Amino acid sequence: MKEKLKYLTSRKSFHVCMIIIIIAIILFVVGILVLRYQVEGETNMPFDITKVILISSSEGIDKSDNTAGTWAFDINQNNDIYIYIEKNSNYKEEAVIQSILIDQIKVEKQKEIGSTHFYRPNIDEAGGTFSNTAENEIQSIEYQGSLESDIKNLKIGNQGGIVVFRCANNNVAEYVSDISTSSEITSNQLLKNANVNEEDLKAKITFDLTIRTEDGKEYKTTLSYDIPVEGIVENGTTSREITDFSDVIFKRTKN
């Protein structure tokens, strides 16, 4: 029996079979690890998304010279997206944010109403947080890591902070009112008074968010949300806070 085993193990075919089996096992293990990574992604991120706040609102842009006894407004429906990023307390290594990039922004509308535009925080220091102007329009936005967060100057604290951008649906409707009654109408009533159907405003925004750290690593995820927040027509301004990110998967795109 020993002689037979010795004979079999000494044959070239035996060694080839063993090599094939070892390679197959290695490939199987690697395949399992790759599949697990595709499902779970990074399990110990240096920074986490801890909260997203969506604020939907409406605004009227005056386009009348008041000479005809009426005021006319183009109505924009705005969606401001605030993303909170914090250091992961379970991450024991030193980590510093270099930048946060938001790109590949896409909106799928249920109905073609208005025109979609994306905006950075207002460049004009004297204005509000956002202004739907050409100089503020973007296709992507990047916040640089800094000692302190500064939304208007696109800076985020290098240990965490807030990044924000606006998705606007401009010119969803026009509202014309008599001058004598227009003072009684607030921006919160514009969509309702213009008889806008909330179903027509429904859309889904999808975008990539990449966290870059000072040590050269990059982590990317894709986020997707329904906009506007429900009740926008009736209430004029609505908001939603999201804190469950169990379905958000970050993958390392650069080591």
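The residues that line the largest cavity divide into 7 nonpolar, 4 polar and 1 charged. In this classification Ala, Val, Leu, Ile, Met, Phe, Trp, Tyr, Cys and Pro count as nonpolar, Asp, Glu, Lys and Arg as charged, and the others, Gly among them, as polar. The model is predicted: local features need pLDDT of at least 70, side-chain atom pairs count only at pLDDT 80 or more, and totals for chains, interfaces and linings use all residues. Residues are numbered from 1 along each chain as its sequence is written, and side-chain values use heavy atoms, with hydrogens and water left out.

**The cavity**

A search of the whole structure finds 1 cavity of 30 Å³ or more, and the volume of the largest cavity is about 70 Å³. A cavity is a set of points, on a 1 Å grid over the protein atoms alone, where a 1.4 Å probe fits but cannot get out; lining residues have an atom within 4 Å of a point. Grid points are joined across faces, edges and corners, and a volume is the space filled by probe spheres set on the points.

The lining consists of Gln 77, Asn 79, Val 107, Lys 109, Thr 116, Cys 167, Ala 168, Asn 169, Leu 201, Ala 203, Ile 227 and Pro 228. Strands β2 (70–87), β3 (97–109) and β8 (160–178) each supply at least two residues of this lining. The largest share, 3 residues, comes from β8.

**The chain as a whole**

The chain contains 6 helices and 12 strands. Helices (H or I, at least four residues) and strands (E, at least two) are DSSP runs, numbered from the N terminus. Of the 255 residues in the chain, 39% are buried; buried means under 20% relative accessible area, exposed over 50%, and partly exposed in between (1.4 Å probe, protein chains only). Among contacts (heavy atoms within 4.5 Å) with a separation of 6 or more, 71% are between residues 24 or more positions apart.

**Strand β9 and its partners**

Strand β9 (residues 203–213) is mostly covered, with 8 of its 11 residues buried. Two strands pair if DSSP finds at least two bridges between them. β9 runs antiparallel to β3, to which 10 bridges join it, and Ile 102 has Leu 209 in β9 as its bridge partner. Another 10 bridges join β9 to strand β10 (residues 218–227), again in an antiparallel arrangement; here Lys 204 has Asp 226 in β10 as its bridge partner. The hairpin of β9 and β10 has 4 residues between the strands, and Gly 216 in this hairpin takes a positive phi near 90°.

Pro 228 lies in the loop between β10 and α6 (232–235). Both Ile 227 and Pro 228 are among the residues lining the largest cavity.

Conventions: 1 Å grid on protein atoms, 1.4 Å probe; cavity = no way out; pocket = protein on both sides within 12 Å on 5 of 7 lines; lining within 4 Å.
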